[in-house]
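This report goes through a structure in short sections. Please keep the sequence and the model in view while reading.

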Amino acid sequence: MKRIEYIDALRGLSMVLVVLAHVFLFMSPHHWDGSPLAAIFMSFRMPLFFFVSGFFAYRAVEKWTLSLTRGLVIRKARAQILCSLVFFSLYQWMQHLPFSDLWEKGFGFFWFTIALFQMWGVYVGLSLLSKKTGRNFIDIPLCVLILASVIFGTTQFGFTAWKMFSWHQVILNFQFFAVGLLARRHSDKFEKIVDNDMFRTVVIVLFFVGCFLFYNHNYHYPKELWPYIQQEVLHRFTGLFTVLILFRSCADYFAGNAAPARFLKYTGKRTLDVYMLHIFFVPKLTHFAALFAPTSMAVPKLMFGLFFALAVVGICLLVSRVIRSSSFLEVWLFGVRPKAKVADVRITSGALERFGQEHPEPAATLIKKDRQTAENTHTLS
C-alpha cells in the first residue's frame, strides 16, 4: 500500500508535540503548564496522535482472516505491550521507582501504547464480526462507540484496573481513533469534505474562536458534560482538522525532499521508537521555569522548548537506528515482521540456457526481482 506522505508528516508532527509537552512538563514538574499557548497545543496534540493511529490501523473488512489476525495480534502485542513493559521497567529502574507503580498508577509515560492496543482490539473484533456475519456494518458500531466516548469522557473511577489499563484515556480518545478509521475507510468522501472550502473556513474559524473562548486564561478541565463537549470534544476536533487541512494543502511540499519534510516523514515512520525512548532524554530544565513563567514569555518559551524537543527526537531516531540494527530487537521490541529468508539460487549453465529460451528477460534480472518481491512482502505495513 502506497504511503500517504503528508499523513506520515502529520504523525511526525504529533510525535514532536508529545515530546514538546514533556519538555514543558520537565521544566515545571510540580506545576503543569496551563498557559494559553501550551494549552492550545495540548488541545489537538493527542487527538492528532490517535487520529493518525486509527488512520494507519485500518484494513478493509474483506482482508481480515484468522491467520492475518493472529499474526497482527502477535506483532501488535510485541510492539505495544511487551515494548511498553520493557521500557517502563527500564525507566522505573533508572529513576529508582518501584515496579508496583504499574498496578497502582499505571504505565505512566508509556500509557499511550497500552490504550492504543485496546482500541485496536475493539476494531479487530468489530471487523471479524462484520466478516463472519457477511454484513459490512462496522460504521454503525464505531459511531455508537464515538458517542459513548463523548458521553463518558468525564467519568472517573478509582479501582486499580482503571488506572493500570489507562481506561480513562481509552474512553477519552477512542473518538479520535475511530474517526481516523472512518476517514481511511471512506477516504474518497473524507477527502472531498476536507477539500471543501466552506468546511475548511468553518473549521478554522471555530478553532480560533475556541482558542479565545477556552484558553485566554489558565487551562481548566471541565467536569460537567456540556462544557466538556464544547472544550474537549468540539474544539479538539476543530484543532485536529485545522492541522490536517494545513498539511493536506501542503501535500506537494511533503511529497518533496526538503529537509523539514523528510524529517517529519521519517519521524512519522518511527513514532513508536521515539515515543518509547524520548522520556529518557528529555532534560530537567527546572532552573528555566522562573525565566519563562510570565505570560509575555510564552513565545520565547515555545521556541526554547521546540529546540530541545527537536534535539531529543533526533537523538531518539539515532538510538532507534542502532537498536534496529539487531533484527531480533527490531522484531521483539518494535513488532516488525521477520524478514523472509531468501534462498540463494544456483543455476547450472544448461539450466540457465533453457531458462533464457523460455524467458526473454535476463535470468539475473528475474532472480533479483523475485528476491525484492520476497523481501517487500515481509516489510512492516
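Does S166 count as buried or exposed? The model is predicted, and in it S166 has a relative accessibility of 8%. The cut-off for buried is under 20% relative accessible area, so S166 counts as buried.

S166 sits in the loop between α7 (160-164) and α8 (167-185). Setting aside residues up to four places away in sequence, S166 touches W111, A115 and A161. The backbone of S166 has a positive phi of about 55 degrees, although S166 is not a glycine. Most residues other than glycine have a negative phi.

## Overall make-up

The protein chain has 18 helices and 0 strands. Of its 381 residues, 44% are buried. Among contacts with a separation of 6 or more, 80% are between residues 24 or more positions apart.

H96 is another residue other than glycine with a positive phi, here near 60 degrees. H96 lies in the loop between α3 and α4 (101-105). Its relative accessibility is 74%, and the cut-off for exposed is over 50%, so H96 counts as exposed. S166, by contrast, is buried at 8%.

## Residues within helices

Which residues does Q175 contact beyond its neighbours within four places in sequence? They are I146, S149, V150, Y228, V233 and F237. Q175 belongs to helix α8. With a relative accessible area of 0%, Q175 is buried.

L85 is part of helix α3 (residues 66-94). Leaving out neighbours within four places in sequence, L85 is in contact with L102 and F107. L85 and F107 are 22 residues apart along the chain, and their C-alpha atoms are separated by 8.1 Å.

## The crossing of α1 and α15

Two packed helices are described by the angle between their axes and the distance between the axes. For helix α1 (residues 5-27) and helix α15 (residues 298-323), the axes come within 8 Å and cross at roughly 115 degrees. This crossing of α1 and α15 is right-handed.

On the α1 side, the contact is made by V16, V19, L20, V23, F24 and M27. On the α15 side, the residues are K301, L302, F304, G305, L306, F308, A309, L310, V312 and V313. By class, the residues of the contact of α1 with α15 are 14 nonpolar, 1 polar and 1 charged.

## The cavity

How many cavities of 30 Å³ or more does a search of the whole structure find? The search finds 1. The largest cavity has a volume of about 40 Å³.

The largest cavity is lined by I4, Y6, F55, S187, F190 and E191. Helix α9 (residues 187-195) gives the largest share of this lining, 3 residues. By class, the lining has 4 nonpolar, 1 polar and 1 charged residues.

Conventions
Residues numbered from 1 in each chain as written. Predicted model: local features only at pLDDT ≥ 70, side-chain atom pairs only at ≥ 80, totals over all residues. Heavy atoms only, no water. Axes fitted to C-alpha atoms, helices over the stretch in contact; angles between N-to-C directions. Helix = DSSP H or I, 4+ residues; strand = E, 2+ residues; numbered from the N terminus. Left-handed = near helix turned anticlockwise from the far one by under 90°. Contact = heavy atoms within 4.5 Å. Nonpolar A, V, L, I, M, F, W, Y, C, P; charged D, E, K, R; others polar. 1 Å grid on protein atoms, 1.4 Å probe; cavity = no way out; pocket = protein on both sides within 12 Å on 5 of 7 lines; lining within 4 Å. Points joined across faces, edges and corners; volume = space filled by probe spheres on them. Buried < 20%, exposed > 50% of the residue type's maximum accessible area, 1.4 Å probe, protein only.
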